[in-house]
Amino acid sequence: MSLEDDYMKLNEFQKVSTETIEKIDRKMNRDHDVDLTIVHLIEELGEIARIIYNDKTKRAPVAKDAIGGEFADSMMLLAHLASKFDVDLEYSAEKKMEELKKRFDL
């Protein structure tokens with residue numbers, strides 16, 4: 001079994017993220033348009049920052065499950081935002097990796 005069999009590919013993750021957010025929005029009678037998605041994404045990134053800040057200031061150590069959930073929320077919202085602009089994240093990520101490898105001779 002390959003990694004591709006074990007893990008969701010980025011384009012599948014993008015599709016499932018968008019579908020899930022849209023289903024939740026229908027239940028909550030709202031719409032994650034571009035503006036709301038950006039605001040929500042920033043809010044989730046703020047939660048990551050809060051967890052890291054609390055660790056750095058010795059208020060509370062990083063809880064892996066908590067920060068992992070915030071990373072997942074952020075990834076889903078970023079994937080949904082990309083869909084709003086008809087951006088294929090898997091293609092874009094692969095293209096960017098190739099550009100970086102060439103640019104930095106990796």
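In which helix is the place of Glu-44?

## Glu-44 and helix H3

Glu-44 has its place in helix H3, which covers residues 34-56, where helices (H or I, at least four residues) are DSSP runs numbered from the N terminus. The model is a predicted one, in which local features need pLDDT of at least 70 and side-chain atom pairs count only at pLDDT 80 or more, while totals for chains, interfaces and linings use all residues. Residues are numbered from 1 along each chain as its sequence is written, and side-chain values use heavy atoms, with hydrogens and water left out.

Helix H3 has 23 residues and reaches 33 Å from its first C-alpha to its last, close to the 33 Å expected at 1.5 Å a residue; the expected span is 1.5 Å times one less than the number of residues. Just after H3, Lys-58 takes a positive phi of about 65 degrees.

## The buried side of H3

The buried residues of H3 are Thr-37, Leu-41, Glu-44, Glu-47, Ile-48, Ile-51 and Asn-54, where buried means under 20% relative accessible area, exposed over 50% and partly exposed in between, with a 1.4 Å probe and protein chains only. An α-helix has 3.6 residues a turn, so residues three or four places apart point the same way. What covers the buried residues of H3 includes H4.

Although Glu-44 is buried, it has no salt bridge, and the nearest side chain of opposite charge, Arg-50, is 7.7 Å away. A salt bridge is a side-chain nitrogen of Lys or Arg within 4 Å of a carboxyl oxygen of Asp or Glu; Lys and Arg count as positive and Asp and Glu as negative, while His and the chain ends are not counted. Not counting residues up to four places away in sequence, Glu-44 touches Glu-70, Asp-73, Ser-74 and Leu-77, where contact means heavy atoms within 4.5 Å.

## Leu-77 in helix H4

Leu-77 has its place in helix H4, residues 64-84, and is buried, with a relative accessible area of 4%. Leaving aside neighbours within four places in sequence, its contacts are Ile-21, His-32, Thr-37, His-40, Leu-41 and Glu-44. The C-alpha atoms of Leu-77 and His-40 are separated by 7.5 Å, although these residues are 37 residues apart along the chain.

## Glu-90 in helix H5

Glu-90 has its place in helix H5 and is buried, with a relative accessible area of 12%. Leaving aside neighbours within four places in sequence, Glu-90 is in contact with Lys-9, Leu-10 and Asn-11.

Note on methods. Helices (H or I, at least four residues) and strands (E, at least two) are DSSP runs, numbered from the N terminus.
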